[in-house]
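Hello,

Here is the structure I promised to pass on. Please open it and keep it beside you as you read my notes.

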Amino acid sequence: MAETHTGRCFCGAVEIETTGAPLEMGYCHCSSCRAWSGSPFAAFKLWPSQSIKVTKGADLLGRYAKTKFSERRFCTRCGGHIMAEHPSIGCSSVEAAIVPGVAFKPEVHLNYAEAVMRITDGLPKLKDFPAAAGGSGETIPE
């Protein structure tokens, strides 16, 4: 049986449950993630969308879609960011700190061509997205 982990928003009004291990963990440097997170990059844990369910506060879960690729979900009570659903690839990226029971072990940097802060950590730096997610799959130097 797959492991389940729980997570919650900043105030605890919205709770989620993830099943199984994340497909990938890493950092996104795109301008949308930077603006959404208020940081030079955003940390994420990616699961298949069907492996994430809202277990509390579904009526408080807001949504915002700046692009067709990502529908960002947040608590309408506290404003805490929960996840971004990516329907075109059937996955959702959960904010890295939302599910504390899953240790954050980053594997990749996405959209590194847009980076405003360079990171030297030895991880692959993708120009945009993996080819399987509609990107070029091209890596660029640190």
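Strand 7 and strand 8 make a hairpin, with five residues between them. Gly 79 sits in that turn and has a positive phi of about 85°. The model is predicted: local features need pLDDT of at least 70, side-chain atom pairs count only at pLDDT 80 or more, and totals for chains, interfaces and linings use all residues. Residues are numbered from 1 along each chain as its sequence is written, and side-chain values use heavy atoms, with hydrogens and water left out.

A few terms before we go on. Strands (E, at least two residues) and helices (H or I, at least four) are DSSP runs, numbered from the N terminus. Two strands pair if DSSP finds at least two bridges between them.

Strand 7 covers residues 71-75 and pairs with strand 8 in the antiparallel sense, over four bridges. Phe 74 stands opposite His 81 in strand 8. Strand 8 also pairs with strand 9, again antiparallel and over four bridges. There, Ala 84 has Ser 93 of strand 9 as its bridge partner. These two strands form a hairpin too, with four residues between them. Gly 90 takes a positive phi near 70° in it.

In what order do the seven strands of the open sheet run? The order is 6-7-8-9-4-3-10, and the pairing is mixed. Strand 6 (61-64) and strand 10 (108-110) are the edge strands, and each pairs on one side only. From one strand to the next, the twist averages 30°. That angle comes from axes, which are lines fitted to C-alpha atoms (for helices, over the stretch in contact); angles run from 0 to 180 degrees between N-to-C directions.

Look next at strand 3 (residues 24-28) and strand 4 (residues 42-48). They pair in the antiparallel sense over five bridges. Gly 26 has Phe 44 in strand 4 as its bridge partner.

What holds such strands together? Strands of a sheet pair through backbone hydrogen bonds, either parallel or antiparallel.

Three strands form an open sheet in the order 1-2-5, with antiparallel pairing. Strand 1 (4-8) and strand 5 stand at the edges with a single partner strand each, so one side of each has no neighbour in the sheet. Neighbouring strands here are turned by 30° against each other on average, direction ignored.

Five bridges join strand 1 to strand 2 (residues 15-19). Gly 7 has Ile 16 as its bridge partner in strand 2, and His 5 has Thr 18.

Which side chains of strand 1 are buried? His 5 and Gly 7 are, and they point to one face. Buried means under 20% relative accessible area, exposed means over 50%, and partly exposed is in between (1.4 Å probe, protein chains only).

**The largest pocket**

The largest pocket has a volume of about 480 Å³. Among its 27 lining residues, the closest to the centre are Phe 69, Ser 70, His 86, Leu 110 and Phe 129. Strand 4 gives the most to the lining, with four residues.

A pocket is found on a 1 Å grid over the protein atoms alone: it is an open set of points where a 1.4 Å probe fits, with protein on both sides within 12 Å along at least five of seven lines, and lining residues have an atom within 4 Å of a point. Grid points are joined across faces, edges and corners, and the volume is the space filled by probe spheres set on the points.

Lys 125 lies in the segment after strand 10. Is Lys 125 buried or exposed? Lys 125 is buried, because its relative accessible area is 1%.

Asn 111 lies in the segment after strand 10 as well. Asn 111 is buried at 4% relative accessible area. Its phi is positive, about 55°, although Asn 111 is not a glycine.

Gln 50 lies in the loop between strand 4 and strand 5 (52-56). Gln 50 counts as exposed, because its relative accessibility is 68%.

Best wishes
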